[in-house]
Every structure is written in structure tokens, then in C-alpha cells.
Amino acid sequence: MKKCLELFDEIAEDKDNFKKFYEQFAKNVKLGIHEDSTNRKKLADYLRYHTSTSGEEMSSLADYVSRMKENQNAIYYITGENREVVDSSAFVERVKKRGYEVVYMVDPIDEYCVQQLKEYDGKKLVSVTKEGLELPESEEEKKKFEEDKVKFEDLCKVMKDILDKKVQKVTVSNRLESSPCCIVTSEYGWSANMERIMKAQALRDSSTMGYMASKKHLEINPEHSIIKNLRDRVAADKDDKSAKDLIVLLYETSLLTSGFSLDEPQSHADRIFRMIKLGLDIGDEEDVAEVAGPSSCSNEVKVEGAEDDASRMEEVD
């Protein structure tokens with residue numbers, strides 16, 4: 001292994017040669033980080049990733065650290081299916097808007113690699129999709145966040161009761177910008193991407209799926225008009241049927257936008273159709289009339305050829 005590392009060092013001195021080398025052997029480097037605890041720290045120097053600011057060029061973790069803000073003490077990253085998906089993610093939006101760089105880990109083996117690589121150069125690797133994300137905040141922002149938690153406490157309780165075992169908890173979020181809510185996972189559980197990878201494995205261990213599957217937390221955006229309106233509706237009537245539908249719909253939509261899949265897509269579709277009917281002011285009785293058709297509204301309507309069919313039936317008898 002020592003000779004391999006010496007060879008890596010030589011290749012790394014030439015940027016173009018290292019780029020070609022990395023295209024061919026990136027997975028081997030990442031596999032080494034996953035399996036070789038002795039040389040893990042050294043191998044991490046050879047990792048290259050696209051980031052939220054790197055454009056088409058790939059960046060080393062050392063380069064990332066050199067660009068970190070003065071008050072930043074963590075390396076922010078996100079795992080996902082591809083660069084386009086993670087770059088448009090609601091999780092990345094606020095981090096980018098506050099001027100922090102996010103590492104894009106879009107190779108399936110990255111999920112295994114980052115489980116072993118907890119930190120780099122003394123900086124903890126922190127997933128922006130998991131519980132416990134703490135972005136540096138001013139005292140004013142901290143105060144507002146505490147006030148929002150009090151304002152939306154009742155809504156969080158109602159949403160948790162409606163969603164029941166679908167989520168472990170519902171909390172106010174400080175990681176969202178334009179999205180009304182998102183699904184985050186526990187710090188030590190699987191990410192949405194890892195759950196997708198495991199579900200795709202033909203020889204997956206169903207018992208492992210049981211206890212390692214993502215523990216989901218729903219976070220709501222206190223600044224979003226949907227959440228504000230929902231809080232008012234729930235405050236007026238906790239048993240509002242349409243509010244319950246909206247809460248479940250928000251949860252299911254958040255599952256999709258957060259990278260999860262739906263267990264019951266038909267139920268999700270039915271819920272959307274009910275919301276569309278409400279928007280179009282269509283009542284259930286109109287659906288019944290459409291399905292039944294005009295012939296069911298009158299006993300006088302005869303079906304052509306019915307008498308001939310009946311006489312033929314009598315002949316058979």
C-alpha cells in the first residue's frame with residue numbers, strides 16, 4: 001500500500017494526469033477509505049468532488065477547507081442520485097444562500113465511504129439532509145427561531161398526531177428557504193439516497209432494512225405561506241378534513257422532494273385529485289352522476305336490442 005500511495009503522490013503533482021487517473025480509479029480510492037482504516041486519512045487527500053461552487057471542475061477536500069468561511073467549522077455535503085438532483089434540492093438552497101459550499105457526493109459508493117470518513121483535517125463532515133444541521137447564526141436569528149418554535153408548537157403537535165408513525169417528530173426548520181417542508185433523517189441512520197440504494201439491491205437483507213431504514217422527521221418552514229395558513233386553519237378547527245388531507249399531502253410530497261419513494265402512490269394520487277376537486281368546486285354527487293351516466297337517471301330509457309336478447313334467452317331455456 002505504501003508504494004501505491006507514493007505513486008498517487010507522483011500522479012497528483014500533474015493535474016491533467018491525476019484527472020485521468022481519478023476517472024478510472026475513483027471507486028478504488030473510495031473503497032480503500034471504506035476498508036483501510038490505517039491509510040484512510042491519506043487516501044482522503046485524493047478524493048475529488050463537484051461542489052455547489054466548483055462548476056465543471058472537481059475539488060479536493062483540502063481545497064474545500066481552504067475556502068471555508070471564518071466561522072465555519074464543518075464540511076457540508078449531500079448525497080444523491082446525480083448533480084442536477086442535489087443541486088436543486090431544498091436542503092442545499094439555504095446553505096448556498098448563506099454563502100456556504102456544499103460537496104456533492106453522487107456516486108453510490110460515496111454513501112459507504114462517508115460512513116467511515118467522519119472528518120477531514122479536523123473538520124466534521126455534516127450531511128445537510130440529516131438531523132442536527134447547525135448553520136452559524138446571529139443572535140437575532142437564534143431568537144427568531146425560538147419564537148417560531150413557540151408559534152408553531154400546536155401545529156407541529158397536530159401534524160404529528162395526523163401522520164402518527166409515519167414520522168418520529170414534526171419540528172420547525174431553520175434550513176428551508178422556498179419549500180414549505182422537508183423530510184430529514186436521524187444523524188446515524190440511512191439517508192434517503194442510501195435507502196434507495198439498499199432497496200435496489202437484489203440480495204438485500206430485509207432485517208437490516210427494518211432497523212436501518214431512515215427514521216424520518218418532518219421539518220416545517222415557518223416563513224412559508226402554506227404553513228402559516230395551515231396553522232390558522234388548524235387553530236380554528238383541529239378536525240378540518242381538508243387540513244388533514246393537506247398535511248398528509250405535504251408529507252408525501254416532501255418524501256418525493258427529499259429523495260424517498262412512496263409506499264402507496266395511488267393514495268397520494270387520490271389525495272391530489274380530491275384537492276383538485278376542491279379547487280374546481282366539484283362535489284362528490286357530480287362524480288356519481290358522471291359514472292352512472294344519463295341512462296341511470298331514468299327508468300324509461302331502454303337498451304337497444306334488450307328485448308331480442310331476452311327472447312333468445314327464453315329459447316335457450
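Entry 1, cavity. I counted one cavity of 30 Å³ or more. A cavity here is a set of points on a 1 Å grid over the protein atoms alone where a 1.4 Å probe fits but cannot get out, and lining residues have an atom within 4 Å of a point. I joined grid points across faces, edges and corners, and took a volume as the space filled by probe spheres set on the points. The largest cavity has about 40 Å³. I listed its lining as Ala90, Phe91, Ser179, Cys181, Cys182, Thr257 and Ser258. Both α6 (90-97) and β7 (181-185) supply at least two of the lining residues; helices (H or I, at least four residues) and strands (E, at least two) are DSSP runs, numbered from the N terminus. I sorted this lining into four nonpolar, three polar and no charged residues, with Ala, Val, Leu, Ile, Met, Phe, Trp, Tyr, Cys and Pro as nonpolar, Asp, Glu, Lys and Arg as charged, and the others, Gly among them, as polar.

The model is predicted: local features need pLDDT of at least 70, side-chain atom pairs count only at pLDDT 80 or more, and totals for chains, interfaces and linings use all residues. Residues are numbered from 1 along each chain as its sequence is written, and side-chain values use heavy atoms, with hydrogens and water left out.

I looked up nonpolar cores (sets of buried Ala, Val, Leu, Ile, Met, Phe, Trp, Tyr and Cys residues joined through side-chain atoms within 4.5 Å; buried means under 20% relative accessible area with a 1.4 Å probe, protein chains only). The largest has 45 residues, of which Leu47, Ile75, Tyr76, Ile78 and Leu125 touch the most other members. Helix α2 (residues 15-35) gives the largest share of this core, six residues. Another core, of 26 residues, lies apart from it and includes Ile183, Ile247, Leu250 and Tyr251.

A pocket is an open set of points with protein on both sides within 12 Å along at least five of seven lines. The volume of the largest pocket is about 1,000 Å³. It is lined by 40 residues, with Val126, Lys130, Glu131, Gly132 and Glu187 closest to the centre.

How values were computed
Buried means under 20% relative accessible area, exposed over 50%, partly exposed in between (1.4 Å probe, protein chains only).
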